[in-house]
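User: Could you take a close look at the place where the ligand sits and walk me through it? I would also welcome a few words on the backbone and the helix packing elsewhere.

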Amino acid sequence: MDIQLSPDQIAIQESVSRICGRFGDDYWTRCDEEARFPEEFYRAMADGGWLGIAMPVELGGSGLGVTEAAVMMHTVGRGGGGYAAASSIHLNIFGPHAIVVHGTEEQKRRMLVPLIKGEQKACFGVTEPNAGLDTTSIETFARRTNEGYIVKGRKVWTTTAQEADKILLLTRTARKEDGKRPTEGMTLFYTTLDRSKVEVRRIPKMGRAAVDSNTVFIDDLFVPDEDRIGEEGKGFRYLLDSLNPERILIAAEAIGLGRDALNRAAIYARERKVFGRPIGQNQGIQHPLAECWAYLESAWWMCLRAASLYDAKQPCGAEANASKLLGARAAFNACTKSMMTHGGMGYAREYQIERLLRESMIPMLAPVSEQLILSFIAENVLGQPKSY
Ligand SMILES: Cc1cc2nc3c(=O)[nH]c(=O)nc-3n(C[C@H](O)[C@H](O)[C@H](O)COP(=O)(O)OP(=O)(O)OC[C@H]3O[C@@H](n4cnc5c(N)ncnc54)[C@H](O)[C@@H]3O)c2cc1C
């Protein structure tokens, strides 16, 4: 057992941290206030070759594991840009995993190379207004036609759809009630986001304004056969491959964001003097911050354990879910305690904590809720009956 980062993983941390260091609080405040995509940050990460960290070497990626991707996204999350930074590149890292595993050689080259180079952006269209977490109840339907499909339906919360050239799209090609199992009859496509057939409407939201979230209306979008990933009807299964890495990465980003909030609180607690001494001299200030450190640290090692199990091709569902639960809570807690440490100034934009606090709600809600994580663990680890 070797519970520490390897020299290569530390080198990843240092290099990514140097890139993050080029984008200060002013930059992220402006992106947030102007709801402007952090193109310069995205470009810097693409130019550094980081978007393909977990993509196959023969396609221009680095061929590293989810552990290295987690180390990288943890560093991005703690670099000052929080979720705005992390979400601007998140999808590139493991979103297209279904294509890596189930795409043809031609598809991998056509679809993944531009993503790795940062020449194209993609979005991820799974969630629907009438289905929510019950993914098998999606209604977006792909009807077979000559040499392709005609897709009609609606997606919600699709991140970066304002920016994206492509969409990874989960559809039904057979009705749920007609299959033997609810997961049958779903088909996955990776196709051009043709804006003459797809209307993308931005959702005004609480935080991370720099990275858009949208309702997506799809009206008779033609998708050629060559844009279907794998076999018709098996799309849900293909998507499952990327769920654990996604949870691990979301957790890593959350923990990074929490560490940034905690670090800012520690600095403020040392510098701010009230009653003639630093506020950090009071245990009422010290202890909550120390507790945040302990929770963030334990969430981080759970996250790395899940990642190393995944990379060793071992089952990691419980650990990936647990790290998402713990990471999100630890981050939200760190942001809250950081705001309390800053007193009134925590509420001022200048100190950045309110931005991080708003963003720390994202991993609490997405991509899967606490309740469903707990139901998963109750069922799969503790042997309880399935409750949903
Ligand atoms: C900022 C942001 C970005 C996102 N980006 C994307 C994206 O890029 N692509 C995408 O496809 N989706 C995206 N999502 C959607 C996200 O994955 C969903 O919001 C999430 O899966 C929850 O679905 P829902 O909002 O429909 O909640 P619902 O399914 O409506 O659930 C509402 C609440 O009820 C609870 N609940 C429901 N059923 C049960 C049950 N059986 N037992 C216990 N509790 C239950 C849930 O836990 C939750 O608390 C994003 C969401 C956000 C907020």
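Analyst: Happy to. A polar contact here is a pair of N or O atoms within 3.5 Å; within protein, one must be able to donate a hydrogen and the other to accept it, and residues adjacent in sequence count only if both atoms are side-chain atoms. By that rule, a polar side-chain atom of Gln371 sits 3.0 Å from an oxygen atom of the ligand. For Ser369, the distance from a polar side-chain atom to a ligand oxygen atom is 2.4 Å. Phe124 takes part through its backbone, with a polar atom 2.8 Å from a nitrogen atom of the ligand. The ligand on its own has 970 Å² of accessible area, and the protein covers 65% of this (Shrake-Rupley method, 1.4 Å probe; for residues, only the protein chains shown count as cover).

A word on the model: it is predicted, so local features need pLDDT of at least 70 and side-chain atom pairs pLDDT 80 or more, while totals for chains, interfaces and linings use all residues. Residues are numbered from 1 along each chain as its sequence is written, and side-chain values use heavy atoms, without hydrogens and water.

Around the ligand there are 13 residues, of which Phe124, Thr127, Leu133, Thr159 and Ser369 come nearest (near means a heavy atom within 4 Å). This shell has 8 nonpolar, 5 polar and no charged residues (Ala, Val, Leu, Ile, Met, Phe, Trp, Tyr, Cys and Pro count as nonpolar, Asp, Glu, Lys and Arg as charged, the others, Gly among them, as polar).

Now the backbone. The peptide bond from Ala366 to Pro367 is cis, with omega near -5 degrees. Pro367 belongs to the loop between helix H12 (362-365) and helix H13 (370-380) (helices are DSSP runs of H or I, at least four residues, and strands runs of E, at least two, numbered from the N terminus). Glu147, in the loop between strands E2 (141-145) and E3 (148-159), has a positive phi near 60 degrees.

Finally, the packing. Helix H4 (residues 66-77) and helix H8 (residues 235-271) have axes 7 Å apart, at an angle of about 30 degrees (axes are lines fitted to C-alpha atoms, for helices over the stretch in contact, with angles from 0 to 180 degrees between N-to-C directions).
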